[in-house]
Amino acid sequence: MKADKSKHPCFNVEAKGKYGRVHLPVAPKCNIQCKYCNRKYDCINESRPGVTSTVLSPEQALEYVEKIKDKADYISTVGIAGPGDPFANAEETMKSLELIHERYPDLIFCLSTNGLGLYPYIEKIAELGVTHVTITINAIDPEIGAKVYSWVRFKKRNLRGVEAAKALLEEQLKCVKKLKEVGLTVKINSIIIPGVNEEHIPEVAKKMSEMGADIMNCIPLLVTEDTDFAHLENPSEEMISIVRDSAEEHLPMMKHCQRCRADAVGLLGCDDKELTCELTKVSMSKEWIKEDRPYVAVATYEGLLVNQHLGEAGSFQIFGEKDGKFNTLEKRLAPPKGEGDDRWEKLSEILSDCSVLLVSGVGPHPLEYFKKTPIEVVKTAGLIEDSLKSIYSGKPIKNVSSGDISACKMGCGGNAAGGCC
Ligand code: SF4
Ligand code: SF4
């Protein structure tokens, strides 16, 4: 079954009051820094300021969509629009699309991105049911782009100035071309930044029209504190209408679109509070223990506290649960140190009946390695019993390091101070 694109509430004025969208906040990190964005707030690509209430894992995103579809059949569209960028979190974005498309092939999928990192995924997202993509392009002249972006993280390098803007623009242009080749609807967002790009935006519209983009949204800057553009003024109504009218000579304008939170749900401009509660409920629950992996492994010296680093642990205590009580089953020796990935492969075999591995510290490499296995490595501290209570009752684990959201995949509000970027 294919999605009916005419039910997209943002791209079809007639669908706006009938059909709604749900945004999945699965993408906390960003790969660029726009000078108007304070990532304590939602992505300005599609948002109004306001901290997203939570970040979901892909599995939680599926559970959330299941609940939404049960309660509100009028939701026709699933969007991913932050709170960072979908392709700075490509793994989570793609996994969410896969899980949800498999379950609901008739839902419309819509992504909003700055375009960096999108290119390698374009064919795959089309296969997974994405029909609409928004790319925010604020300038097609790198000299102007250099005034908009503080930095761009590209091919493992942090770029600045004109070099950064040029790299971003080249990726964006490649993406627009390819997105049209695979038949997707492409919207261009440009933020109207007074004194920076208001006279340049019609040129962006002209270039995008030549490249086959379908529609444009010129969004007025919303001055946000603690940003490089905090000293600017929001564009006047007159400036907004001059920019939109000039850009409209090249591309149709989307004018009814509202700024939405990265976790918006409901009709456009009218979020549904009951559905928003579902997001909170889902984010607070987690199925840690898989049926075929009933145990938890812990890096501990004495069996009371989680107090050993993964790399240092010579053994792991294995815990299970029966009738609400936790039992130590046995101690398992760790594989010898210094064997690279072989060591982690052997450890994942040793812990083949465990769903979770609790440690007091873990390096980035083993953390990445274990992400590809069914074992979830969680960096935490404190009493083992407290963590076990949370795990076996499907709740968030307390004392999880705020700098290690990838380990817990929960509890990050998209705030850069929490280590998302
Ligand atoms: Fe903020 Fe990144 Fe979105 Fe720019 S692309 S507005 S920096 S989240
Ligand atoms: Fe797509 Fe933006 Fe509409 Fe969300 S608000 S559904 S990302 S066009």
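Tutor: Let's start at Lys180, which is partly exposed at 25% relative accessibility; on this scale buried means under 20% relative accessible area, exposed over 50%, and partly exposed in between (1.4 Å probe, protein chains only). Before going further: this is a predicted model, so local features need pLDDT of at least 70 and side-chain atom pairs count only at pLDDT 80 or more, while totals for chains, interfaces and linings use all residues. As for bookkeeping, residues are numbered from 1 along each chain as its sequence is written, chains are lettered from A and ligands numbered from 1 in the order in which they are written, and side-chain values use heavy atoms, with hydrogens and water left out.

Lys180 has a salt-bridge partner in Asp214, at 2.7 Å from N to O; the rule asks for a side-chain nitrogen of Lys or Arg within 4 Å of a carboxyl oxygen of Asp or Glu. Lys180 belongs to helix α5 and Asp214 to the loop between α6 (201-210) and β9 (215-220), so the bridge ties together parts that are 34 residues apart in sequence. Asp214 is partly exposed too, at 30%. Helices (H or I, at least four residues) and strands (E, at least two) are DSSP runs here, numbered from the N terminus.

Now follow the helix. α5 covers residues 161-181 and lies across β2, β6 and β7, running at about 60° to β6. That angle is taken between N-to-C directions on a scale from 0 to 180 degrees, with axes fitted to C-alpha atoms, for helices over the stretch in contact; contact means heavy atoms within 4.5 Å.

Next, the strands under discussion. They form an open antiparallel sheet of three, ordered β2-β6-β7, where pairing requires at least two DSSP bridges between two strands. β2 (32-34) and β7 (157-159) are the edge strands with a single partner each, so one side of each has no neighbour in the sheet. From one strand to the next, the twist averages 20°. Between β6 (149-154) and β7 there are three bridges, and Arg153 sits opposite Asn158 in β7.

Another salt bridge to look at is Glu163 with Arg157, 3.3 Å from N to O. Glu163 is partly exposed, its relative accessible area being 43%. By the same rule, the count comes to 18 salt bridges.
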